[in-house]
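Please read this briefing beside the sequence and the 3D view. The points are grouped by topic.

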Amino acid sequence: MLEINDLTKTFANGTPALKGVNLKINKGEFVSILGRSGSGKTTLLRSINGLETASGGEIYLDNKQVNLETINEVQNKTGMIFQEFNLVNNLSAINNVLTGLLSSSNKFLSLFYLFSKDQKIDALKSLETVGLLEKSYNRSDELSGGQRQRVGIARAIIKKPLLLLADEPVASLDPKAADLILSLLKKINKEYGTTILCNLHQVDLAKKYSDRVVGLVDGKVIFNEKSNDIDKNYLEKIYA
Ligand SMILES: Nc1ncnc2c1ncn2[C@@H]1O[C@H](COP(=O)(O)OP(=O)(O)O)[C@@H](O)[C@H]1O
Ligand SMILES: [Mg+2]
């Protein structure tokens, strides 16, 4: 469902962030990307949903090439989850989830009165999926970090995306909350067949929750293995 061929990205200031990435992900897989800070993990995810324009190579999502012409379609098929949650603090959880229905061009307009009853019901269902229905009308800044990230997940799944992109979704959380967030992503993966691509720092979490682990070093994939096969030798390639 996702195919990346020889993807390169060099930023305008000359920094080469991706140096020829090849990666295939099947529908329904849960894949983690492990790599040090600066290895290109965020750039890779942002390229997949069109937030960054690649310098070279191709990305196909659901058999369609990702480019300027398909960007709206691509963004409708993908949901993104962020390390710092990226919620609007003074909005309720449900209104934050509803922003997941806005396209990036009108995201910052206050159009909440325009959401239909059905859309509000969908938002409540998303909050129920992440176990946060009873906090639907709390302001997001009243919630704990783990709860905020659950709102972030509810926002990402309201459009029922084929692919969820999670950029270090647990890096700001304590170990218990981190485990809960990953088990929630796993539940969404299993119940809805949503494909998941997740950037992580923690090897143990990557092995516990993913089907496959990809190692990224300096903008290149240096391994791509079933999570059961990941051992010290592979990790040394990343963290040596
Ligand atoms: N907007 C940008 N402009 C210039 N360089 C960038 C930009 N974003 C990231 N980089 C550089 O690209 C490389 C990869 O960054 P990033 O994808 O954020 O890595 P990671 O998410 O693995 O920490 C780093 O060297 C980083 O400094
Ligand atoms: Mg990053």
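This is a predicted model: local features need pLDDT of at least 70, side-chain atom pairs count only at pLDDT 80 or more; totals for chains, interfaces and linings use all residues.

Residues are numbered from 1 along each chain as its sequence is written, chains are lettered from A and ligands numbered from 1 in the order in which they are written, and side-chain values use heavy atoms, with hydrogens and water left out.

Six strands form an open sheet of mixed pairing, and the structure holds eleven salt bridges. Helices and strands are DSSP runs numbered from the N terminus (helices H or I, at least four residues; strands E, at least two).

**The sheet**

- The strand order of the open sheet is S6-S7-S8-S3-S9-S10, where two strands pair if DSSP finds at least two bridges between them.
- S6 and strand S10 (220-226) stand at the edges with a single partner strand each, so one side of each is left without a neighbour in the sheet.
- Neighbouring strands of this sheet are turned by 15° against each other on average, direction ignored; axes are lines fitted to C-alpha atoms, for helices over the stretch in contact, and angles run from 0 to 180 degrees between N-to-C directions.
- Strand S3 (residues 30-34) pairs with strand S9 (residues 212-217) in the parallel sense over four bridges, and within this pair Val31 stands opposite Arg212 in S9.
- S6 and strand S7 (residues 163-167) also pair in the parallel sense, over four bridges, with Thr78 opposite Leu163 in S7.
- Strand S6 (residues 78-81) is covered on both faces, since Thr78 and Met80 on one side and Gly79 and Ile81 on the other are all buried; buried means under 20% relative accessible area, exposed over 50%, and partly exposed in between (1.4 Å probe, protein chains only).

**Helices on the sheet and against each other**

- Strands S3 and S9, paired in the parallel sense over four bridges, are also touched by helix H8 (residues 232-239), which packs on the sheet, touches S10 as well, and has a direction that makes about 160° with that of S10.
- Helix H5 (residues 145-157) packs on the sheet too, touching S6 and S7, and its direction makes about 165° with that of S6; contact here means heavy atoms within 4.5 Å.
- H5 and H6 pack at an angle of about 20° with their axes 10 Å apart, and they are therefore roughly parallel to each other (angles under 35 degrees count as roughly parallel, over 145 as roughly antiparallel, 65 to 115 as roughly perpendicular and the rest as oblique).
- On the H5 side this contact is made by Gly146, Gln149, Arg150, Ile153 and Ile157, and on the H6 side by Ala177, Leu180, Ile181, Leu184, Leu185 and Ile188.

**Salt bridges**

- Side chains of opposite charge can pair when their charged atoms come close; a salt bridge is counted for a side-chain nitrogen of Lys or Arg within 4 Å of a carboxyl oxygen of Asp or Glu.
- Lys9 forms a salt bridge with Glu52, the closest N and O atoms being 3.9 Å apart; Lys9 lies in strand S1 (residues 2-10) and Glu52 in the loop between helix H1 (41-48) and strand S4 (56-61), so the pair ties together parts that are 43 residues apart in sequence.
- Because Glu73 and Lys77 are four residues apart in helix H2 (residues 71-77), they are separated by about one helical turn.

**Two individual residues**

- Asn189, found in helix H6 (residues 175-192), is buried with a relative accessible area of 2%.
- Leaving aside neighbours within four places in sequence, Asn189 is in contact with Gly28, Glu29, Phe30, Thr194 and Ile196.
- Thr42 lies in helix H1 and counts as partly exposed at 35% relative accessibility.
- Leaving aside neighbours within four places in sequence, Thr42 is in contact with Asp167 and Asn199; the C-alpha atoms of Thr42 and Asn199 are separated by 7.6 Å, although these residues are 157 residues apart along the chain.
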